[in-house]
Amino acid sequence: MAGVSLRKISKVFGTQTAVAPMDLEIADGEFLVLVGPSGCGKTTTLRMIAGLETPTAGEIRIGDRDVTHLEPKHRDIAMVFQNYALYPHMTVYANMAYSLRLRGMDKAEVEQRIHKASAILGIEALLDRLPRQLSGGQQQRVALGRAIVRDPQVFLMDEPLSNLDAKLRVQTRAELIKLHKRLNTTVVYVTHDQVEAMTMGTRIVVMKDGFVQQVGEPGVIYREPANMFVAAFIGSPPMQFLRGRTTREAGGVLFQGNGFALPLPAFGEQTPIRDGLVLGVRPENLELTDETVAIPTIVDVVENIGSEALIHGKTPDDELIVVRMATPETVPAAGERIQVKPVRGNLHLFDADSGAALALAKIKTNG
Ligand code: ATP
């Protein structure tokens, strides 16, 4: 087992910077998730760690070895891909044995490793089948098994759950979390799915356009996003944004949007007082209120799934706002005028131009 160090690694294809110089220390045993929208550079980063792509500059270390210029097979890594990449003409057993036999491992050791990995993954009964005789979920388990038997220092996984249907994806996600706990091997995992990132990662790296936006534990990324991109990318529905400016009044900071003024007593002395700001609040921290000092909203659409309801509305400035009601016994109707107010959790102030987080305040709740 080993950690991975990325030291100023970058990748440029022609004129396209796929990955801007990036520093990252991945600890031994960590489950690190690279997440971001399509084209952000996450796969290129993973392929550079794997040795499938040569960095334009920088150094990659696995454990205490500089592997920057080593062939993939000498890096002691195992990859799991979205498309499983199983050999179609080989049985499950032969697929799992292949790389071990190439290494010249003796038959008894190969058998013992396959036995152990297939027991962990619950695929013992499938060892004599061909890949085409397996479901997608079973094929993905075989692909994982093939990685596990190699007992690598690092697992590299590129969207391994994308080809599974929604239910199987949730189930396999939980299995991967358990598997990591059990094996305790370093995992670098690429996904565009923020739920996978939040649920699986011990740390998350959020990327955009080749640049790292933020690195942190899932809870920290969620509660303290570094900028509006991260705030909107992590969380579903995303953080809600209201444009406006702050002023300082007798009672503290006041946020003035278009058509409303909201006192923000949670914000203290350090709060920027100026124009060009965006107030950010998560849908679950908003509530409908009878108070008039709130955000006037016209209900657009109500999605009530029983356990919760999402109220989609519009502010006087035509900005969209979503309120998540946790106990939706009574919900407003489309077209209704309501008042909305942040009542718990964190409030964020961002710079409207750069999107950078400027201030954060926690709303104090009674009890
Ligand atoms: P996706 O989720 O769509 O796979 P990604 O975040 O993994 O996206 P990359 O595949 O790393 O993104 O691509 C990053 C950028 O580099 C993209 O703009 C892509 O078009 C470009 N790119 C990737 N591989 C090559 C290549 N071989 N030649 C030229 N450009 C490339």
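**Questions about a predicted model**

Trainee: Where is the place of Pro-237?

Mentor: Helices are DSSP runs of H or I with at least four residues, strands are runs of E with at least two, and both are numbered from the N terminus. With that labelling, Pro-237 has its place in the loop between helix H8 (228-233) and strand E11 (240-249).

Trainee: Before we go on, which residues do the totals for chains, interfaces and linings use?

Mentor: Residues are numbered from 1 along each chain as its sequence is written, and side-chain values use heavy atoms, with hydrogens and water left out. The model is predicted: local features need pLDDT of at least 70 and side-chain atom pairs count only at pLDDT 80 or more, while the totals for chains, interfaces and linings use all residues.

Trainee: Back to that proline. Which residue does a cis peptide bond join to Pro-237?

Mentor: The bond has an omega of about -5°. Its other partner is Ser-236.

Trainee: On to the ligand. Which element gives the largest share of the shell around it?

Mentor: The residues around the ligand are Phe-13, Gln-16, Ala-18, Pro-37, Ser-38, Gly-39, Cys-40, Gly-41, Lys-42, Thr-43 and Thr-44; near, here, is having a heavy atom within 4 Å of the molecule. Strand E2 (16-26) and helix H1 (42-50) are the elements that give two or more residues. The largest share, three residues, comes from H1.

Trainee: By class, how many charged residues does the shell have?

Mentor: Ala, Val, Leu, Ile, Met, Phe, Trp, Tyr, Cys and Pro count as nonpolar, Asp, Glu, Lys and Arg as charged, and the others, Gly among them, as polar. The shell has four nonpolar and six polar residues, and its number of charged residues is one.

Trainee: How much of the accessible area that the ligand has on its own does the protein cover?

Mentor: Start with its polar contacts, pairs of N or O atoms within 3.5 Å (within protein, one must be able to donate a hydrogen and the other to accept it, and residues adjacent in sequence count only if both atoms are side-chain atoms). Ligand oxygen atoms sit 2.6 Å from a side-chain N or O atom of Ser-38, 2.7 Å from a polar backbone atom of Gly-39 and 2.9 Å from one of Cys-40. Of the ligand's 630 Å² (Shrake-Rupley, 1.4 Å probe; for residues, only the protein chains shown count as cover), the protein covers 59%.

Trainee: Which residue of E19 does Pro-296 stand opposite?

Mentor: E19 (residues 337-342) is joined to E15 by four bridges, and it pairs with E16 (residues 295-304) over four bridges, in the antiparallel sense. Pro-296 stands opposite Gln-339.

Trainee: Which residues make up the covered face of E19?

Mentor: In a regular strand, side chains alternate between the two faces of the sheet. The uncovered face of E19 is Arg-337, Gln-339 and Lys-341, and the covered one is Ile-338, Val-340 and Pro-342.

Trainee: Is Asp-151 buried or exposed?

Mentor: Asp-151 is in the loop between H4 and strand E7 (154-158), and its phi is near 50°, positive although the residue is not glycine. Its relative accessibility is 53%, so Asp-151 counts as exposed.

Conventions. Two strands pair if DSSP finds at least two bridges between them. Buried means under 20% relative accessible area, exposed over 50%, partly exposed in between (1.4 Å probe, protein chains only).
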